[in-house]
Amino acid sequence: MEKVVGVLQKYGCAKENLIQIMLELQKLSGNNCLPKDWVAKVAETLELPLSKVYGVITFYSMFHTEPTGKYFIEVCKSGPCHIAGAENVLHMLEKELGIKPGETTPDGCFTLTKSSCFGACDIAPAIKIGEKVFGNLTKDKLKEIISSCREGL
Ligand code: FES
């Protein structure tokens with residue numbers, strides 16, 4: 001709980017910093033998720049209803065309440081990416097990683113998910129891994145990206 005208190009103090013225990021607080025805590029969690037007791041501590045300290053804090057967490061796709069793989073892969077399924085071949089990208093990733101959307105590889109390396117547009121329509125089809133966006137994807141490019149993630153483990 002020390003980490004939570006530290007982050008809350010860093011942001012002045014201010015309600016308006018809720019998103020930054022949660023982002024930093026998620027990074028500190030070590031498994032890319034927000035543990036229930038941490039969320040409860042934040043809600044209590046900021047004097048916000050727990051339901052409101054969960055409302056924020058579940059609204060933004062960048063927040064997770066369950067542990068994810070080290071690399072959280074989002075495949076954009078919105079219009080422009082869909083037209084440019086998002087379905088093929090998803091199938092290639094499913095085949096390469098051996099998992100379906102919503103699943104994590106047994107080694108805890110990758111979590112695969114579908115997402116809506118994250119603003120990279122000009123380089124469709126696009127995926128996002130953490131904060132990094134990759135576009136104009138081909139089978140070779142995807143293999144390259146995945147193997148560089150594996151090497152980074
Ligand atoms: S439609 Fe895929 S990033 Fe915008």
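Hi everyone! Helix α1 passes helix α3 in a right-handed crossing. A crossing is right-handed if the near helix is turned clockwise from the far one by less than a right angle, and left-handed if anticlockwise. The helices (H or I, at least four residues) and the strands (E, at least two) are DSSP runs, numbered from the N terminus.

A quick word on the background. This is a predicted model, where local features need pLDDT of at least 70 and side-chain atom pairs count only at pLDDT 80 or more, while totals for chains, interfaces and linings use all residues. Residues are numbered from 1 along each chain as its sequence is written, and side-chain values use heavy atoms, with hydrogens and water left out.

Back to α1 and α3. Their axes are 10 Å apart and the two helices pack at an angle of about 40°. Axes here are lines fitted to C-alpha atoms, for helices over the stretch in contact, and angles run from 0 to 180 degrees between N-to-C directions. Which residues of α1 and α3 meet? On the α1 side they are Lys3, Val4, Val5 and Leu8, and on the α3 side Trp38, Lys41, Val42, Thr45 and Leu46. Contact means heavy atoms within 4.5 Å. Sorted by kind, the residues of this contact of α1 with α3 are six nonpolar, one polar and two charged. For that sorting, Ala, Val, Leu, Ile, Met, Phe, Trp, Tyr, Cys and Pro count as nonpolar, Asp, Glu, Lys and Arg as charged, and the others, Gly among them, as polar.

Let's zoom out for a moment. The chain has seven helices and four strands, and from the N terminus on they run α-α-α-α-β-α-α-β-β-β-α. Along its principal axes, the C-alpha trace spans about 50 × 30 × 20 Å. Of the 153 residues, 41% count as buried, meaning under 20% relative accessible area; exposed is over 50% and partly exposed is in between (1.4 Å probe, protein chains only). Among contacts with a separation of 6 or more, 57% come from residues 24 or more positions apart.

Now please find α2 on the screen. The axes of α2 (residues 18-28) and α3 (residues 36-46) come within 11 Å and cross at roughly 155°. That makes α2 roughly antiparallel to α3. By angle, under 35 degrees counts as roughly parallel, over 145 as roughly antiparallel, 65 to 115 as roughly perpendicular and the rest as oblique. The crossing of α2 and α3 is right-handed. Leu18, Ile21, Met22, Leu25 and Leu28 of α2 meet Trp38, Val39, Val42 and Leu46 of α3. The residues in this contact of α2 with α3 are nine nonpolar, no polar and no charged.

Which residues of α2 are buried? They are Leu18, Ile21, Met22, Leu25 and Gln26. Since they cover an arc of only 130° around the axis, they sit on the same side of α2; the arc is that of the directions from the helix axis to the C-beta atoms. These buried residues pack against α1 (2-10), α3 and α4 (50-59).

Valine 7 is buried, at 3% relative accessible area. Beyond its neighbours within four places in sequence, valine 7 touches Ile21, Glu24, Leu25 and Leu28. Valine 7 and leucine 28 are 21 residues apart in sequence, and their C-alpha atoms are 9.6 Å apart.

Finally, let's visit the loops. Cysteine 13 sits between α1 and α2 and has phi near 50°, a positive value in a residue other than glycine. Is cysteine 13 buried or partly exposed? Cysteine 13 is partly exposed, with a relative accessible area of 34%. After α2 comes glycine 30, whose phi is positive, near 85°. In the loop between α2 and α3, asparagine 32 has a positive phi of about 60° although it is not a glycine. Asparagine 32 counts as partly exposed at 24% relative accessibility.

Further along, proline 101 lies in the loop between α6 (86-97) and β2 (110-115). Setting aside neighbours within four places, proline 101 is in contact with Leu90, Glu94, Leu112, Thr113 and Lys114. Where is the cis peptide bond? It joins alanine 124 and proline 125, with omega about 0°, and proline 125 lies in the loop between β2 and β3 (127-129).
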